[in-house]
Every structure is written in structure tokens, then in C-alpha cells.
Amino acid sequence: MDRRDCPVLTGMGGSAPRTCSLVNPALTARPRNLGAAAPSGSVKITHPGKAIIAGGLAGGIEICITFPTEYVKTQLQLDEKANPPKYRGPIHCVQTTVRDHGVRGLYRGLSSLVYGSIPKAAVRFGAFEFFSNMMRNERGQLSKGNSFLCGLMAGASEAVFVVTPMETVKVKFIHDQTSPNPKYRGFFHGVREIVREQGIGGTYKGLFPTILKQGSNQAIRFLVMNSLKDWYRGDDLSRNINPFITAAFGATAGAASVFGNTPIDVVKTRMQGLEAHKYKSAWDCAVKIAKYEGPRAFYKGTVPRLGRVCLDAALVFTIYEEAVKFIAIVWPDKRS
């Protein structure tokens with residue numbers, strides 16, 4: 001400190017005072033680059049209504065592309081009970097189906113999934129945005145724990161409102177079409193017959209394992225997807241993500257979910273098949289599979305399911321994100 005800046009020092013022989021400051025300027029200087037810069041921008045908040053529209057579009061387009069793999073997966077899981085099994089693997093299943101029914105045979109039961117996939121994806125994304133918008137911080141970010149929880153609730157929502165009844169009809173319809181004398185003439189006829197014979201409860205077979213499957217599916221997928229997006233954006237929270245990057249992230253999230261819940265999917269499929277009456281509950285079904293078929297039976301259909309789910313997740317997340325951007329032209333997003 002210059003002695004001229006203080007009257008005390010001036011009285012000791014210094015020049016006329018200018019100002020007096022006993023604070024060291026070095027202590028008040030703004031620190032430079034003492035750590036990483038705070039994240040810039042904020043995450044766009046998607047209205048649940050917009051998510052419902054974009055999700056429905058994504059679900060409808062995706063199922064039309066991926067249904068053959070779903071058909072093969074279901075056939076292999078149902079074939080596990082046959083003695084001897086009809087199919088030696090996914091490729092043999094495709095060859096046999098095309099030989100006996102033509103390429104169109106791979107799309108048998110598509111109508112039931114088209115009617116279900118649109119509302120399923122709509123409910124899933126709408127529910128996720130609804131719950132996540134209540135849990136985001138001031139910058140629009142979700143913690144990993146909240147991301148997992150929101151995905152879990154979104155999956156449970158779609159299981160109760162859409163997936164369980166639609167999957168029950170789909171599995172029964174596909175199983176019926178492989179019998180010597182099919183009794184269902186189409187989707188609506190199948191629904192009518194199932195409700196007439198078994199009541200509304202007949203379309204809710206396997207509700208608990210379906211909630212477990214969908215809840216764990218979406219919890220894992222949204223957790224992985226959001227974690228990868230946060231990693232990619234880094235400090236720039238408003239950074240746009242290329243559709244090809246979104247697809248890669250979606251495929252990764254889908255693969256993670258497959259290895260986490262394939263056993264649940266196997267039990268769910270058995271509980272919704274035409275021979276579901278053989279099992280007292282989902283637990284009874286799991287015990288009988290383990291006892292009579294061995295642990296490997298829980299992973300029957302993993303290969304075709306892995307391919308289907310990776311493609312499914314990549315398509316759905318990509319189409320959804322692009323649909324949200326398109327809708328934002330007339331329904332702008334807001335930032336947190």
C-alpha cells in the first residue's frame with residue numbers, strides 16, 4: 001500500500017493524502033479460473049401434452065419397422081413348452097414362418113401392436129415428462145436417482161393403462177394363429193371373444209409381471225439415456241444432439257434394459273399365453289420354469305429381443321426427439 005494513500009502515513013512525512021484504504025487490493029480481486037466454469041444455458045422443458053403427441057408418432061412408426069423381431073421373440077418363448085420344440089433358433093423360426101405363410105406371416109398380429117404402440121409410447125413419454133417436470137432443478141436437470149424414478153413411474157403407467165391388455169391380446173392372437181384351427185378372425189374379434197369368455201379380467205393376465213417389466217425397462221432406459229445426454233452436453237446444457245447420436249444412445253439404453261429384465265419378460269409372456277391357466281401366479285410360473293426347464297429358459301429369446309429392443313429404443317428416442325423439435329415450431333418449448 002502506498003504511504004500517500006493514508007493520512008496516518010502522510011503525517012509521518014508523506015505527501016498530501018488522496019484516499020485511505022486499509023484493504024489489500026489483492027484480497028478483493030476477482031479470482032481467475034479457480035475451477036471449471038458453471039454449466040451454461042438450460043435444458044428445454046417439454047410439456048406433457050407435447051410429449052404425448054410426439055410419443056404417439058414415435059410408437060406408431062417404430063412398431064411398423066420392428067414387428068417381425070417381436071413376432072420371432074414371442075414364437076420362441078411360446079415354443080419352449082413344445083416337446084420337441086418346433087424351432088431350432090430365431091433364423092429357423094423366420095425360415096419356417098416364411099415357408100409356411102409367406103413374408104406376411106412375420107406380420108401376423110401386427111394390428112394388435114399398432115393399436116397398442118401408439119397409446120403406449122404416448123403414455124410413456126407423457127408420464128415421464130409430467131413426473132420429471134416436477135423433479136427438475138432450476139436449470140432443468142434431473143439427478144440420476146430422479147431419472148430412474150421417473151422412468152419407473154412412466155413404465156408402470158403404460159403397463160396399467162395400455163401394455164397389459166394389449167400384450168395379452170397380442171400373445172393370445174399370435175398363439176392362436178399357430179394352432180391348427182385358429183378361432184380369432186382378427187384383432188377386434190379376438191378382443192371380443194376374450195372379453196366374452198374371460199371378462200375384462202381376461203385382458204389383465206400377468207399385470208404384476210408386466211408392471212415389473214415395463215417399470216424396470218423404462219427406469220433403466222431413461223436413466224441410461226439421460227446420463228448419456230448429460231455426458232454429451234457437458235457444460236453446455238442447451239447443446240443440440242444430432243439424431244444419429246440420439247439413436248446410438250437409445251440403442252445403448254435398450255441393450256442395458258434387455259439384460260436387466262429378460263426373465264421378467266419370459267414370465268410375463270407365459271402368463272399371457274393361451275395356457276396361462278396352468279399357473280396360479282407369476283411366482284408360480286417362475287418356479288415351474290426354473291424347476292422343469294432350468295435357469296436358461298428365463299433367457300429364451302434373448303438374441304432376437306436384444307436386436308429388437310436396441311432398434312426399438314434407437315428409433316423411438318430418435319423419432320420422439322425429432323417430433324418434439326418439429327412440434328416446437330408451432331408449440332414453442334420453454335426453458336427452466
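At 2% relative accessibility, Met225 counts as buried, where buried means under 20% relative accessible area, exposed means over 50%, and partly exposed covers the values in between (1.4 Å probe, protein chains only). Met225 lies in helix 8, which spans residues 207-233; helices (H or I, at least four residues) and strands (E, at least two) are DSSP runs, numbered from the N terminus. This is a predicted model, in which local features need pLDDT of at least 70 and side-chain atom pairs count only at pLDDT 80 or more, whereas totals for chains, interfaces and linings use all residues. Residues are numbered from 1 along each chain as its sequence is written, and side-chain values use heavy atoms, with hydrogens and water left out.

When residues up to four places away in sequence are not counted, Met225 touches Thr246, Phe249, Gly250, Ala253 and Phe317, contact meaning heavy atoms within 4.5 Å. Thr246 stands 21 residues from Met225 along the chain, and the C-alpha atoms of the two are separated by 8.6 Å.

**Overall architecture**

The protein has 11 helices and two strands, which follow one another along the sequence in the pattern α-α-β-α-α-α-α-α-α-α-α-α-β. Of its 336 residues, 48% count as buried. Among the contacts in the protein with a separation of 6 or more, 73% are accounted for by residues 24 or more positions apart. The accessible surface of the protein, from the Shrake-Rupley method with a 1.4 Å probe, comes to about 17300 Å², and 63% of this area belongs to carbon and sulfur atoms.

**Two helix pairs**

The table sets out the packing of two pairs, with axes taken as lines fitted to C-alpha atoms over the stretch in contact and angles running from 0 to 180 degrees between N-to-C directions.

| Helix pair | Angle | Axis separation |
|---|---|---|
| Helix 3 (residues 48-79) and helix 11 (residues 302-327) | about 165 degrees | 8 Å |
| Helix 6 and helix 7 (residues 187-198) | about 105 degrees | 10 Å |

Helix 6 is therefore roughly perpendicular to helix 7, since angles of 65 to 115 degrees count as roughly perpendicular, those under 35 as roughly parallel, those over 145 as roughly antiparallel and the rest as oblique. The contact of helix 6 with helix 7 divides into six nonpolar residues, one polar and one charged; Ala, Val, Leu, Ile, Met, Phe, Trp, Tyr, Cys and Pro count as nonpolar, Asp, Glu, Lys and Arg as charged, and the others, Gly among them, as polar. On the helix 6 side, Met166, Val169, Lys172 and Phe173 meet Phe187, Val191, Ile194 and Gln198 in helix 7.

Helix 3 and helix 11, by their angle, are roughly antiparallel to each other. The residues of the contact of helix 3 with helix 11 divide into 18 nonpolar, three polar and seven charged.

Ser132 is found in helix 5 (residues 110-133) and is buried, with a relative accessible area of 0%. Leaving aside neighbours within four places in sequence, Ser132 is in contact with Leu142 and Cys150. Met135, in the loop between helix 5 and helix 6 (144-177), is partly exposed, with a relative accessible area of 25%. With neighbours within four places again left aside, Met135 is in contact with Gln141, Leu142, Asn146, Leu149, Cys150 and Met153. The C-alpha atoms of Met135 and Leu149 are separated by 9.9 Å.

Thr96, in helix 4 (residues 90-101), is buried at a relative accessible area of 5%, and touches Lys86 and Tyr87 when residues up to four places away in sequence are not counted.
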